[in-house]
Amino acid sequence: MTGTRLFERAVVRLAPQDDAEDAAAFLQGLLTNDVSGPLPAYAGLLSAQGKALFDLIVWPGGEREILLDCEADRAEELVRRLSLYRLRRRIDIAVDENIAVHWRKQVGDGAADDPRLADLGQRWIAPVADDDAPADDEWRAHRLSLGVAEGHRELGDILWLETNAIELNGVSFDKGCYVGQENTARMNWRQKVNRRLVVVPLERSEEKRRRAAYPELGLAVDHLRTDAIAPDLVPAWLSASLSRAD
């Protein structure tokens, strides 16, 4: 059986404990994207300076609930961070170990297109099963082949727009305030995205600019100045933005 479960992902559930509470409304003032409309949506939770702390995919849960598809090894840290903002709001925030994230490259029934890029394939959330088989290696190879970076190892503490968040549908500029919004909006308005994350062949990677290396794939993720990115390294979905920057 072909594996579909992403064991390197986990699901954080936000569940209101009061009829007056709504998890989407709570997240609307924290995340970079509009989560009050159609889901799933790609979003980031940033520092006050607009740097990436967590990147995640937001899914609808039960009534007034939200599910966050996030890195498994940072899920508890995400719970703690969100809990800091909860204050006295009656919303439970916890990792739900009974459900898991699944992915497949091809189109099929009962799944959703990845909100970042349709070519990334489809994802869904399903109850954990004993016969779940992993798809993490295939997923990593596929997304890197498309030039898409994700996770703290590759994105951590880089300005959100430098992670290609606009091009990957990870930010809304008309949803209102959120943590890190001021610097993010200013960068967009001034068109000052001077650096980008780019997936490059490992032999062409600049060690000083390298965020992550994958020797088994012969690839690396570099954080480069836009004027230093060779044209043949630019994926099609990013090319228009870099052309405007020139």
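Contact here means that heavy atoms lie within 4.5 Å.

## What you're looking at

This is a predicted model, so local features need pLDDT of at least 70 and side-chain atom pairs count only at pLDDT 80 or more, while totals for chains, interfaces and linings use all residues. Residues are numbered from 1 along each chain as its sequence is written, and side-chain values use heavy atoms, with hydrogens and water left out.

## Around S172

Find S172 in the loop between α4 and α5. Once you set aside its neighbours within four places in sequence, S172 is in contact with T32, N33, D34 and Y178. Its side chain also makes a polar contact with the side chain of D174, at 2.9 Å (a pair of N or O atoms within 3.5 Å; within protein, one must be able to donate a hydrogen and the other to accept it, and residues adjacent in sequence count only if both atoms are side-chain atoms).

Is S172 buried or exposed? With a relative accessible area of 11%, S172 is buried (buried is under 20%, exposed over 50%, partly exposed in between, using a 1.4 Å probe and protein chains only).

## Rings that pair up

Searching the whole structure turns up 2 aromatic pairs (rings of Phe, Tyr and Trp, the last by its six-membered ring, with centres within 6.5 Å; planes under 30 degrees apart are stacked, over 60 edge-to-face, the rest tilted). One of them is Y42 with W160, a tilted pair at 5.7 Å centre to centre and 35° between the planes. Y42 sits in strand β2 and W160 in the loop between α4 and α5, so the pair ties together parts 118 residues apart in sequence (helices, H or I with at least four residues, and strands, E with at least two, are DSSP runs numbered from the N terminus). Both Y42 and W160 are buried.
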